[in-house]
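Please keep the sequence and the structure at hand while following each solution.

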Amino acid sequence: LELSLGLTRANATRLAARVASTAPRVVASTASAKVHQRATFLCKELGLSPERAAAVVYRRPQCLGLSVEKNLRPACAWLASELLGGSEKVASLQEIDADKLDALRNLVDAYPTVLGLSVEKNLKPKLHALRTELKPSELRDRGKHPLARDGAAAAVLQCPALLGYSLDGRLRPRLRRIRQAGLPLA
C-alpha cells in the first residue's frame, strides 16, 4: 500500500492494519500485485488522489478484494453513464469529461461501498425504482445537481447511500410512510 498509494510508511502501516482487522479475507486471499492493481485503478483511472484513495480503502477495505475488470471498472462506468451521462453508455472512464469524473470521484469518496455493489443485482434495480416510483414533483427539488442526468440521479448524487438501501426493507416502506404523512421528500 505504501508504494501503490504513495503513502508514508506510517500511514501505509495504519491502513494495512485497518484492512487486516476489518477485511481479513482480503489480506489472506489477495496477492500484493492484485492490491497494487486495485489501488492503481483508484488513483490512475478514477483519478483519486493518494490521500482520497487511502480514505476510500480505510472506510471500505473490501474494495481491495474486488476485481478491477468484474467489479470496479463496470460499476464506475455504469454509474457515470446512468447518473451523469447523456444517452450514450460510457465504456471507459477516460471518455468522461473532467467535471463528471470529479462528480463520480465525489460519489465514491462519499460512499465507497458503491464499488462493491453489483450493477445487475443492485445498482440497476435501485435506480430504476427511484426513477419509476418517485413522482416528478417529488424529484423536482432534488434536481439541483448540475451534472445529474435526472432527478433520481441527483438524489443519488446527493445521498449515494440510497444505492445501498434495501428496496423492500427500507426505501419503499419509508417512501410510503412519508407520503402517508404528507411530508416532502427533501
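Axes are lines fitted to C-alpha atoms, for helices over the stretch in contact, and angles run from 0 to 180 degrees between N-to-C directions. The model is predicted, and the protein averages a pLDDT of 83, with 87% of the residues scoring at least 70. Confidence is highest in helix 7 (residues 98-110), at a mean of 92, and lowest in helix 9 (residues 136-139), at 63.

**Exercise 1. Describe how helix 6 and helix 7 pack, and what kinds of residue make their contact.**

Step 1: the axes of helix 6 and helix 7 lie 10 Å apart and form an angle of about 115 degrees.

Step 2: the crossing in which helix 6 passes helix 7 is right-handed.

Step 3: helix 6 contributes Cys-76, Leu-79, Ala-80, Leu-83 and Leu-84, while helix 7 contributes Lys-100, Ala-103, Leu-104 and Leu-107.

Step 4: sorted by class, these residues comprise eight nonpolar, no polar and one charged.

**Exercise 2. Work out how helix 4 is oriented against helix 6, and which residues of the two helices meet.**

Step 1: helix 4 (residues 32-45) packs against helix 6 at an angle of about 20 degrees, their axes being 11 Å apart.

Step 2: helix 4 is therefore roughly parallel to helix 6, since angles under 35 degrees count as roughly parallel.

Step 3: helix 4 passes helix 6 in a crossing that is right-handed.

Step 4: on the side of helix 4 the residues are Gln-37, Arg-38, Phe-41 and Glu-45, and these meet Val-68, Leu-72, Arg-73 and Cys-76 in helix 6; by class, the contact has four nonpolar, one polar and three charged residues.

**Exercise 3. Trace the surroundings of Glu-45 and of Ser-67.**

Step 1: Glu-45 belongs to helix 4, and its side chain is joined to that of Arg-73 by a polar contact of 2.4 Å.

Step 2: when residues up to four places away in sequence are not counted, Glu-45 touches Thr-40, Arg-73, Leu-93, Gln-94 and Leu-101.

Step 3: Ser-67 sits in the loop between helix 5 (50-59) and helix 6 (68-84), where its side chain reaches the backbone nitrogen of Lys-70 at 3.0 Å.

Step 4: leaving aside neighbours within four places in sequence, Ser-67 is in contact with Arg-38 and Leu-72, two residues that also take part where helix 4 meets helix 6.

**Exercise 4. Characterise the contact of helix 5 with helix 7 by geometry and by residue class.**

Step 1: helix 5 and helix 7 pack at an angle of about 35 degrees, and their axes are 9 Å apart.

Step 2: the residues from helix 5 are Arg-52, Val-56 and Arg-59, whereas those from helix 7 are Asp-102, Arg-105, Asn-106, Val-108, Asp-109 and Ala-110.

Step 3: divided by class, this contact has three nonpolar, one polar and five charged residues.

Note on methods: Residues numbered from 1 in each chain as written. Predicted model: local features only at pLDDT ≥ 70, side-chain atom pairs only at ≥ 80, totals over all residues. Heavy atoms only, no water. Helix = DSSP H or I, 4+ residues; strand = E, 2+ residues; numbered from the N terminus. Polar contact = N/O pair within 3.5 Å; in protein donor to acceptor, adjacent residues only side chain to side chain. Contact = heavy atoms within 4.5 Å. Parallel < 35°, antiparallel > 145°, perpendicular 65-115°, else oblique. Left-handed = near helix turned anticlockwise from the far one by under 90°. Nonpolar A, V, L, I, M, F, W, Y, C, P; charged D, E, K, R; others polar. pLDDT = per-residue confidence, 0-100.
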